Amino acid sequence: LSESGVPQLVQPMIWDYAADLEVEGKVHLIEKYHRCGFSKVWFASAFKGATGVNQSLTLIGHHLQNHLRWLSVASSSPADVLEGIVLTGWQRYDHFSVLCELLPVAIPSLAVCLQALKNGGYSEKVKENVEKLLGMSNLEIDTFMR
């Protein structure tokens, strides 16, 4: 790869939507990309639409855990390698599938994930901030929102 010149033309994006994303494996992958000459990498997470082909509601806790794992990857990776993170919000698994997790039901998940990334983690203060921003009295992350 380094001899091809590709690392000077593109930046790889590492995709993983799992709540139990393996941090150490991702760090090793980033180190391999870096040794091949890629100066920057991107992460891709999901705030909705990655938990089931016909999922109707968004389980915030799943997506929050994914983002917290990506934060761990970022803090364990070589300095200045991370270019950014893309928060995907899938609408369907393929062109023949039904729509899943429409945006309105996923807005609380998007807000939680963005605030967790912005604040470097999730805490009671982050939860209260999201509740205030969305005008909610009780944000539920481990069950489906009522």
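In the predicted model, the side chains of Asp-16 and Lys-26 form a salt bridge, with a distance of 2.9 Å from N to O. This pair links distant parts of the chain, as Asp-16 is in the loop between β1 (13–15) and α1 (23–35), while Lys-26 is in helix α1, and the two are 10 residues apart. Asp-16 and Lys-26 are both buried.

In total, the structure contains 2 salt bridges. Besides the pair of Asp-16 and Lys-26, a salt bridge joins Lys-127 to Glu-131, where the closest N and O atoms lie 2.8 Å apart. Both residues belong to helix α4 (residues 124–134) and are separated by 4 residues, which is about one turn of the helix. Lys-127 is buried, as is Glu-131. As for the charges of the protein in general, there are 12 positive and 15 negative ones, and the mean positions of these two groups are 5 Å apart.

The secondary structure of the protein consists of 4 helices and 3 strands. Read from the N terminus, the order of these elements is β-α-β-α-β-α-α. Along the principal axes, the C-alpha atoms occupy a box of roughly 55 × 40 × 20 Å. The protein has 146 residues, of which 36% are buried. Among contacts with a separation of 6 or more, 74% are between residues 24 or more positions apart.

Helix α2 covers residues 60–76. The buried residues of α2 are Ile-60, Gly-61, His-63, Leu-64, Asn-66, His-67, Trp-70 and Val-73. These buried residues pack against several elements, namely β1, α1, β2 (41–48), β3 and α3.

One of the residues in strand β2 is Ala-46. The relative accessible area of Ala-46 is 1%, and this residue is therefore buried, since the cut-off for buried is under 20%. With residues up to four places away in sequence left out, Ala-46 touches Tyr-17, His-63, Asn-66, His-67 and Thr-88. Of these, His-63, Asn-66 and His-67 are among the buried residues of α2. Thr-88 is 42 residues from Ala-46 in sequence, yet the C-alpha atoms of the two residues are 4.5 Å apart in space.

Ser-97 is placed in a loop, the one between β3 (82–89) and α3 (103–119). Ser-97 has a relative accessibility of 15% and so counts as buried, because this value falls under the 20% cut-off. When neighbours within four places in sequence are set aside, the contacts of Ser-97 are with Val-53 and Arg-92.

Terms used: Residues are numbered from 1 along each chain as its sequence is written. This is a predicted model: local features need pLDDT of at least 70, side-chain atom pairs count only at pLDDT 80 or more; totals for chains, interfaces and linings use all residues. Side-chain values use heavy atoms; hydrogens and water are left out. Buried means under 20% relative accessible area, exposed over 50%, partly exposed in between (1.4 Å probe, protein chains only). Contact means heavy atoms within 4.5 Å. A salt bridge is a side-chain nitrogen of Lys or Arg within 4 Å of a carboxyl oxygen of Asp or Glu. Lys and Arg count as positive and Asp and Glu as negative; His and the chain ends are not counted. The place of a charge is taken as NZ of Lys, CZ of Arg, CG of Asp or CD of Glu. The expected span of a helix is 1.5 Å times one less than its number of residues.
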